[in-house]
Amino acid sequence: FSPQVDSANAGRVLASDAAVFLKKSGLTDLVLGKIWDLADTDGKGILSKQEFFVALRLVACAQNGLDVSLSSLNLPVPPPRFTDTNSPLLLSGTASSDVPWAVKLEDKAKYDAIFDSLNPVNGLLSGDKVKPVLLNSKLPVDILGRVWELSDIDRDGMLDRDEFAVAMFLVYCALEKEPVPMSLPAALVPPSKRKPVSVPGTMPLIPSSTSTKESHQSLPPVGILAAKTPLTQ
C-alpha cells in the first residue's frame with residue numbers, strides 16, 4: 001500500500017484519498033467513477049487492500065484500451081501509469097510535445113468549416129451548439145458522452161477550434177467502428193493544449209487549486225446529450 005494513499009496505515013483507502021490518487025491516471029471522471037463502483041464491492045466508500053488492487057488493475061485496463069469490467073481483470077496488461085499533474089494530457093508523465101497531431105491538415109480544414117458554421121462566440125462553442133452535431137452522428141449517447149469529455153480538454157464546458165477537431169475526429173473513428181479510447185492518447189492532444197516541458201523555477205501555467213475543484217461543475221457530459229428539454233439560447 002502506498003503511503004500516498006493509505007495515510008492512516010489502516011489497510012484501507014477512503015474515497016476522497018483514492019479519488020485524488022486515481023485522478024493522476026489521466027482517465028476521465030466518467031471512467032474513474034465506473035472503476036470505483038466495480039472496486040468498491042460493498043458500496044461503503046472505502047476500499048480494502050484487495051479492492052484497491054482491483055481498482056489499479058482496472059485503471060491499467062482503461063489506459064490500454066480494454067473495457068472497464070471485471071472480466072478484463074484476468075487479461076495481461078502493463079502496470080497502471082500515474083503522473084503528479086492535474087492535467088489529463090500527460091498520460092504517462094512523458095512529454096507529448098514531440099508527437100505529431102493525429103488530426104490531418106485536410107481533415108482539420110473540414111472540421112474548422114463545421115466549427116465556423118455553428119457561430120462560435122469568442123472562438124468557443126457551448127455544449128448546446130455542439131450537441132446537435134454529435135447527436136447527428138447517431139452514435140450511442142454513452143459514446144458521445146465520452147467524446148465530449150475527452151475533447152473538452154480544459155474542462156471549461158466549451159470547445160475551441162482544436163477541441164472541436166478532436167471531437168469530430170473521435171466521432172468519425174467511432175463511425176468507422178473504432179473504439180473511442182477511455183483516455184486521450186498523446187497523439188490526439190492538440191499542439192495548442194500540450195503542456196510545455198517545465199523548466200525548474202518557472203511558474204505553473206494553471207493554478208492547480210482551481211482546475212480540480214471546478215471540473216466537476218463544468219458540464220456533466222452525458223447530461224448535455226441526454227437532456228430531454230430543449231435548451232434555449
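This is a short tour of one protein model, stop by stop, with something to select at each.

**Before you start**

You're looking at a predicted model, where local features need pLDDT of at least 70, side-chain atom pairs count only at pLDDT 80 or more, and totals for chains, interfaces and linings use all residues. Residues are numbered from 1 along each chain as its sequence is written, and side-chain values use heavy atoms, with hydrogens and water left out.

**Stop 1: the regions from the record**

How much of residues 27-62 is helix, and how much is strand? That stretch is 69% helix and 8% strand, with its end C-alpha atoms 8 Å apart. Residues 139-174 come out at 69% helix and 8% strand, and the end C-alpha atoms are 8 Å apart there. Helices (H or I, at least four residues) and strands (E, at least two) are DSSP runs, numbered from the N terminus.

**Stop 2**

Now pick Phe-21 and Phe-52 and show their side chains. The two form a tilted aromatic pair, 6.1 Å centre to centre with 45° between the planes. The rule: rings of Phe, Tyr and Trp (its six-membered ring) pair if their centres lie within 6.5 Å, and planes under 30 degrees apart count as stacked, over 60 as edge-to-face and the rest as tilted. The whole structure has 3 aromatic pairs.

Phe-21 sits in helix H1 (residues 15-23) and Phe-52 in helix H3 (residues 49-63), so this pair ties together parts that are 31 residues apart in sequence.

**Stop 3: Gln-63**

Stay with helix H3 and click on Gln-63, which lies in that helix. Gln-63 counts as buried, at 11% relative accessibility. What lies 2.9 Å from a polar atom of the Gln-63 side chain? It's the backbone oxygen of Ser-25. A polar contact is a pair of N or O atoms within 3.5 Å; within protein, one must be able to donate a hydrogen and the other to accept it, and residues adjacent in sequence count only if both atoms are side-chain atoms.

Leave aside neighbours within four places in sequence, and Gln-63 is in contact (heavy atoms within 4.5 Å) with Ser-25, Leu-27, Pro-80, Arg-81 and Ser-183.

**Stop 4: the charged network**

Side chains of opposite charge can pair when their charged atoms come close. A salt bridge is a side-chain nitrogen of Lys or Arg within 4 Å of a carboxyl oxygen of Asp or Glu, and by this rule the count is 7.

Select Lys-108, Asp-112, Asp-116, Arg-161 and Asp-162: salt bridges link them in a network. Zoom in on Lys-108 and Asp-162, whose closest N and O atoms are 3.3 Å apart. Lys-108 is in helix H4 (residues 105-117) and Asp-162 in helix H7 (residues 161-175), so the pair ties together parts 54 residues apart in sequence. Lys-108 is buried at 12% relative accessibility, and Asp-162 is buried at 17%.

Next, find Asp-116 and Arg-161, which meet in a salt bridge at 2.8 Å, N to O. This pair links helix H4 with helix H7, 45 residues apart. Asp-116 is partly exposed at 40%, as is Arg-161 at 31%.

**Stop 5: Asp-160 and Lys-193**

Asp-160 lies in strand E4 (residues 158-160) and Lys-193 in the loop between H7 and helix H8 (208-218), so the bridge ties together parts 33 residues apart in sequence. Both residues are buried.

**Stop 6: Ser-151**

Finish at Ser-151, in helix H6 (residues 141-151). Ser-151 is buried, with a relative accessible area of 0%. Its side chain reaches the backbone oxygen of Val-147 at 2.8 Å. Beyond neighbours within four places in sequence, Ser-151 is in contact with Leu-159, Glu-163, Val-166 and Ala-167.

Key
Buried < 20%, exposed > 50% of the residue type's maximum accessible area, 1.4 Å probe, protein only.
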